[in-house]
Amino acid sequence: MSAPPSSIDPDEIARFSAQADAWWDPRGKFAPLHRFNPARLAFIREQALARFERDERARRPFEGLRLLDIGCGGGLLAEPMARLGFTVTAVDPSEPNIEAAKAHAEAGGLSIDYRCAAAEDLVAKGAWPFDLVLNMEVIEHAADPGAYLRATARLVAPGGLMILATLNRTFKALALGKIAAEHLLRWVPPGTHDWRRFVRPEEVRGYLAGEPLEIEGPFGLAFDPLAGRWGRSQDAAVNYMMTIGRAALSSE
């Protein structure tokens, strides 16, 4: 299979590489992501249980299923997914991120296949498709979001699912997801996001038009300042997730 054009933006990779030593510090530069993670994990688990008809009472309900975490950073999603039983492959084009993720997983006794690579690299190498693909907060950093999303969709196995999370390109997202988050609340370093690269849900559907995929959402996520935590919301104007499923092969 020929390689799709790379969607990697070198400036974005350099920005995250410079912060690689901070991934697992819950009070450091990635503290907002640590607070965000429980809501993401709950959604992923809920969707995977339903998709693969697994027992929610099981300690490792996803044993035997293959998962790909794209843009894994320091492994904040890859590690809990491995503990839930998935066989996890996690990729990131930043070598410092991968080294930080490997060291943390080894210290915790977790076996995770970390690779310094982009999604397009796996497509080019004909990687075996994955049951679950996590595509979380990456597309807004891609140089060509359409090419990137189509490449990642190729990595979903028949009957499998991709979960996409990103920021909506609305004025509310500009105010809260960019200006407030970076300059007022200091949740993330200034320059982390470019509002012009935020992706609308209808653009996600447009990028995948004509593909044999079932797309649902958006499902909103919002921060509750009174409770001090993130949770599901009817409002998808800032943060949202979508599910992208590939039909199972016919048994006929």
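Modeller: Both W23 and F30 are buried, where buried means under 20% relative accessible area, exposed over 50% and partly exposed in between, with a 1.4 Å probe and protein chains only. Keep in mind that this is a predicted model, in which local features need pLDDT of at least 70 and side-chain atom pairs count only at pLDDT 80 or more, while totals for chains, interfaces and linings use all residues. Residues are numbered from 1 along each chain as its sequence is written, and side-chain values use heavy atoms, with hydrogens and water left out.

Biologist: How many aromatic pairs does the structure hold?

Modeller: In general, a pair of aromatic rings is described by the distance of the centres and the angle of the planes. Rings of Phe, Tyr and Trp (its six-membered ring) pair if their centres lie within 6.5 Å, and planes under 30 degrees apart count as stacked, over 60 as edge-to-face and the rest as tilted. The structure holds five such pairs. The ring centres of W23 and F30 are 3.9 Å apart and their planes lie at 5°, so this pair is stacked.

Biologist: What are the distance and the angle for F43 and F219?

Modeller: F43 and F219 form a tilted pair, with 5.4 Å from centre to centre and 50° between the planes. F43 is buried, and F219 is buried too.

Biologist: Which residues are linked into a cluster by ring pairs?

Modeller: That cluster consists of F36, F223 and W230, linked by ring pairs.
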